[in-house]
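Here's a friendly walk through one protein model, written for someone meeting it for the first time. Have a look at the structure, then read on.

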Amino acid sequence: SESNYQEPHRPQYHFSPKANWMNDPNGMVYFDGEYHLFYQYYPDSTVWGPMHWGHAISTDLVHWEQLPVALEPDELGWIFSGSAVLDAENTSGLGTKDNPPLVAIYTYHDPVGADAGRDDFQTQGIAFSLDKGRTWEKYKGNPVLDNPGIQDFRDPKVSKMQVSGQDKWIMSLAVKDKISFYSSDDLLQWEYESDFNPPWAAYGGVWECPDLFPLTTPDGQEKWVLLVSINPGGPNGGSATQYVIGDFDGQTFSTDQNEIQWLDYGADNYAGVTWSNIPTSDGRKLFIGWMSNWLYANVVPTDVWRSATTLPRELSLWGKSPEWHLASRPVKELQKLRKSSHDISGDTISLEEELVELELSPVEEDFRLVFHNSEGEQVILAKEDDTLLLDRTQSGLVDFNERFPARHQAPLGELTVQNLRIYLDRSSIEVFINDGELVMTDLLFPEHRYTQVELKGFADENRLHYLQSIW
Ligand code: FRU
């Protein structure tokens, strides 16, 4: 099925598959000049079903080339979410020192076992590629990690770290409502290390898609970040991603944090994780999420395909010791999309085009911004006291699910809004406060493009960029 990427609501500068169903991003790894993006994919329908790994690559995180499906279901089950690493030292023996393997570590979901009422239907398997991710072979000894009798046992995120001077592979795994850590020398044999499930965390749903990685604080300490997606139980309903900042010693994760923190207060950033093997000369922690929510993902009003990714984001820490927070800002490569840039002032701005990036500075305590059109469709972003509000109740098509038309709220706490960056694509809005200290990502399905933006409480000089399509 060929797509021209011109269907109604088709994202113009976000990744979406040509056709059919997508959910979580999987196996993101950088190798030999290419950013790989795999994703949960069902090639036979626009609703969720037997999972495969779809595949796309990019050299700049902005433009994507779609490749054939990388992993298909086999007799052990469907291919659920997971990660990929470069096994540079060939510890697995699946490649050679000269041609080290890319290794994908994913969950097998056995639908037969699940239907039969067994508890052990999710296990972990691996596959490897010796040709830059173009073709994949499943490991003969799968599964590499068997199920101890727990229904939810999935989404392995593997990374390499030094433990007492030795390289170790560490796997973070979502196990019902906790994260379990496993370690390995060779990616083939895994040893249980510990669990993490502090009493104060969010437990409104099942834990999914963890990620564990170090970042440096503004004052130069190394801290470990644990991402944990949860569904349902998010701050604005349904799916969302919480995070914990602490320390990891190769065996256990510990933290002084005792309150929930959320990566994104919009409704539509789920199951996001980071790229592995980014060169140290770059040094960024690069993240991408699934821009949807299990509340309505299967019924959003698109034909041909369903779902897109969020914009790629760079993660960093902000705050003051001992209270650290995670910022996610759009990657700098996105500036390439700017086709023309304009200084704007005044209360009413006409939008000549559909794909828009806005840079704004508030000057008043409270502010308000409304994108709208003459058909009465509108989306409102407002700061009222210490709450940021994103209202999509009248944004366009909303009644395909009762939970979609909603006013999403984010608590600003002590945060002073210095600047906003807003990306509007055909069917999404992404709001970044202070370079990502607070983020809201929401889907929108306007039937007509928004032609004006009303501004209240902002400086006289703001910036508007029209963006180009990547397709
Ligand atoms: C998260 C998730 C994962 C699972 C995958 C199945 O959205 O439920 O836990 O591996 O989707 O498609």
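This is a predicted model: local features need pLDDT of at least 70, side-chain atom pairs count only at pLDDT 80 or more; totals for chains, interfaces and linings use all residues.

Is valine 228 buried or exposed? Valine 228 is buried, because 25 other C-beta atoms lie within 10 Å.

Residues are numbered from 1 along each chain as its sequence is written.

**Around valine 228**

Valine 228 sits in strand 14, residues 222-231. (Strands are DSSP runs of E with at least two residues, numbered from the N terminus.) Setting aside neighbours within four places in sequence, valine 228 is in contact with Ile179, Trp207, Pro210, Gln242 and Tyr243; being in contact takes C-beta atoms, placed from the backbone, that lie within 7 Å. Serine 345, by comparison, is 117 residues from valine 228 in sequence and 41 Å from it in space, C-alpha to C-alpha.

**Two domains**

Where the two meet, 28 residues of domain 1 are in contact with 29 residues of domain 2. On the domain 1 side, strand 21 (313-320) and strand 22 (323-330) each supply at least two residues, and strand 22 gives the largest share, 5 residues. That side of domain 1 divides into 14 nonpolar, 9 polar and 5 charged residues. Here Ala, Val, Leu, Ile, Met, Phe, Trp, Tyr, Cys and Pro count as nonpolar, Asp, Glu, Lys and Arg as charged, and the others, Gly among them, as polar.

The largest nonpolar core has 115 residues, and Val103, Ala104, Met171, Leu226 and Val431 touch the most other members. This core draws at least three residues from each of domain 1 and domain 2. (A nonpolar core is a set of buried Ala, Val, Leu, Ile, Met, Phe, Trp, Tyr and Cys residues joined through C-beta atoms within 7 Å.) Leaving out neighbours within four places in sequence, methionine 171 is in contact with Ile105, Pro156, Val158, Phe181, Tyr182 and Trp190.

Four strands make an open sheet in the order 5-6-7-8, with antiparallel pairing. Strand 5 (78-86) and strand 8 (137-138) stand at the edges with a single partner each, so one side of each has no neighbour in the sheet. Two strands count as paired if DSSP finds at least two bridges between them.

| Strands | Bridges |
|---|---|
| Strand 6 (102-109) and strand 7 (122-129) | 8 bridges |
| Strand 27 (378-384) and strand 28 | 5 bridges |
| Strand 28 and strand 29 (407-411) | 5 bridges |

Zooming in, threonine 107 has glutamine 124 of strand 7 as its bridge partner. Glutamate 384 stands opposite threonine 387 in strand 28, and leucine 389 stands opposite glutamine 409 in strand 29. The hairpin of strand 27 and strand 28 has 2 residues between the strands, and aspartate 385 there takes a positive phi near 55°.

Among the residues surrounding the ligand are Asn23, Gln40, Thr107, Arg154 and Ala271; to be near it, a C-beta atom placed from the backbone must lie within 6 Å. The shell divides into 4 nonpolar, 4 polar and 4 charged residues.

Alanine 271 lies in strand 18, residues 270-274. Its phi is near 60°, a positive value in a residue other than glycine. Alanine 271 counts as buried because it has 25 C-beta neighbours inside 10 Å.

Serine 307 isn't a glycine either, yet has a positive phi of about 90°. As for peptide bonds, the one from asparagine 142 to proline 143 is cis, with omega near -5°, and the one from asparagine 231 to proline 232 is cis too, with omega near -10°.

Note on methods
A residue is buried if 20 or more other C-beta atoms lie within 10 Å of its own, exposed if 12 or fewer, and partly exposed in between; C-beta atoms are placed from the backbone. Domain bounds come from an automatic or database domain assignment.
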